[in-house]
Amino acid sequence: MSDYAKPLPIPSPESEPFWAGTKKHLLKIQKCNECGETWFPPATLCPNCGSRNHRWIDAAGKGIIHSFVTYHRLYHKGWEGELPYVVAIVELVEGARMLANIVDIEANDVACDMSVQVKFDDVTDEVTIPKFQPT
Amino acid sequence: MISPIVEPSINLRDRCALVGAGTSQLGKVPDVSAIGLLEEAITNALNDAGLTTSDVDGLLLRGPDEIYTFHQVVGERLGIDARFSTTLTNGGASQVMGVALAAMAISSGLASCIVVGYGRDNWSRVHANKENHLRSSGRPQQMYGVEFGPELGYFGAVAAHAFGATRHMHEYGTSRDQFGAIAVAFREHALRNPEAVMKKPLTLDDYRCGRMIVAPFGLFDCSLQTDAAGAVVVTSAERAKDLRQRPVLIKGFGTHNNLTGWYNKDNLTHTGAIEAGQAAYRMAGLGPEDIDFAQIYDCFTYMVLVQLEDYGFCKKGEGGEFVETGALRIDGSLPTNTSGGQLSEAHVEGMLQVVEGVRQLQGVYGPERQVEGAEIGLVSGHGGNTVCESTLILGTA
């Protein structure tokens, strides 16, 4: 039994392939076969053209920080002793944006448009959460 | 690509009016439910108009979000059969949108006298148990999602809105002191409002010393947790002539929701206020230069700054300089949130901003609170984490 104290994601039918991917240290996002759009979080239709004709691709795991916030107040006991921590909107090179923690950097040094790359964190035997670190 | 707008078959400018406004007790009111608070506000709004519940044939309400068909619960308690009623769920844009829906319903002959109101027991909920207090929310986490958030430690409205502030600071050089100018101006207004929750003066230095919550937002960037309700009464402009108060005409309204997402496109720095404002100005036949005062949805300081830009009171990126000039003060070029707003009066997700807009145009205040010569006001509602926007333009004639 894990003593992991943070909430674990509860996948939806649409997002299961994403979480299966992170477990294998792959960052899977959806890409439209009609218009080329990529998006996140997972959905059944392309948000750009409405097509159902899309596929999962392995993202390169590289991107930039579009924006970020730094938690100085505790909202959940799982982060006790870990303040401050950073949550960012990461824009992947493929175009899709996703929320992620920024790690391996002082919170004060994080900046918009900074280049980052994915770092997989196997938080339990079952769940792997993608985080990002400066390149 | 969004479709071109269809030219309206009728112009709703000046067709309807707000004829009464009321509030409940504001602050920590643990012994009254959200419905009880709303009943108090509705009673006060009807009294203000010189009407009773028997005159009301429409309810556009909001209460605790988990109560199924909330308007039905309130209608039963008030003894009202409604020709037009529903519960609103558009976040902080709900209440302003409720007034717009009321004007549309009355203009299309579906109802004649509609109460728009919101009752909220947020202080009591946040303080009801440790888990709520820690999350600083009166709503269950499930309402906000169970993946792509909680596992990252991403909780709460502070962080969601702070993303916008970070990006704005990066792109336009906006500073925390400029956010502080907003908090200071609204606190000064609250000190003139005996109902306001916050009673202590706030200086820019106090603002700087406020503890960080989720950077770039500190304590004084964040709105209050309150138990409170507000309500307004909408009827036709014709009927309004015979009622107790000077009618407040609904000159224009607009709505826009960036449902593609807060994190997408340039939505962090360009809100739905751009399109909602254009629609409202178009209906009213007015522009930002005609607005005498504004009640801007102030869940967080930054949201005021960005909406001021998006409504055209200054250029994009210049909101920081604009607020630093003192423009928002009661004697400034655009008196804003003249009751103290959600940052310093009380937070009923925009409902009290509608009430304050009405009262300024009724001209009910003494010289310390009344915007001198106020004839046209703009009221905004913003929310839904954080992409929904509704706009009202109100006037005395």
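Visitor: Which strand of chain B is joined by 2 bridges to strand β4 (residues 62-71) of chain A?
Guide: This is a predicted model, and in it the two strands come from separate chains and run antiparallel. T70(A) has A215(B) standing opposite. The partner of β4 of chain A is β5(B).

Visitor: Which element gives the most residues to the side of chain B that touches chain A?
Guide: Chain B puts 28 residues into the contact and chain A puts in 30 residues. On the side of chain B, the elements giving two or more residues are α5 (130-135), α6 (157-172) and β5 (212-215). With 6 residues, the one that gives the most is α6(B).

Visitor: What distance should helix α10 (residues 273-284) of chain B span?
Guide: The helix has 12 residues, taken at 1.5 Å a residue. The expected span counts one less than the number of residues.

Visitor: Which strands are among the elements covering the buried residues of α10(B)?
Guide: The buried residues of α10(B) include A273(B), E275(B), Y281(B) and M283(B). Their cover includes helix α11 (301-310) of chain B. The strands included in that cover are β8 (248-257), β10 (376-383) and β11 (388-395) of chain B.

Visitor: Which residue just after α10(B) takes a positive phi?
Guide: The residue in question comes just after the helix. Its phi is about 70°, and the residue is G285(B).

Methods
Residues are numbered from 1 along each chain as its sequence is written. Chains are lettered from A and ligands numbered from 1 in the order in which they are written. This is a predicted model: local features need pLDDT of at least 70, side-chain atom pairs count only at pLDDT 80 or more; totals for chains, interfaces and linings use all residues. Two residues are in contact if their C-beta atoms, placed from the backbone, lie within 7 Å. Helices (H or I, at least four residues) and strands (E, at least two) are DSSP runs, numbered from the N terminus. Two strands pair if DSSP finds at least two bridges between them. A residue is buried if 20 or more other C-beta atoms lie within 10 Å of its own, exposed if 12 or fewer, and partly exposed in between; C-beta atoms are placed from the backbone.
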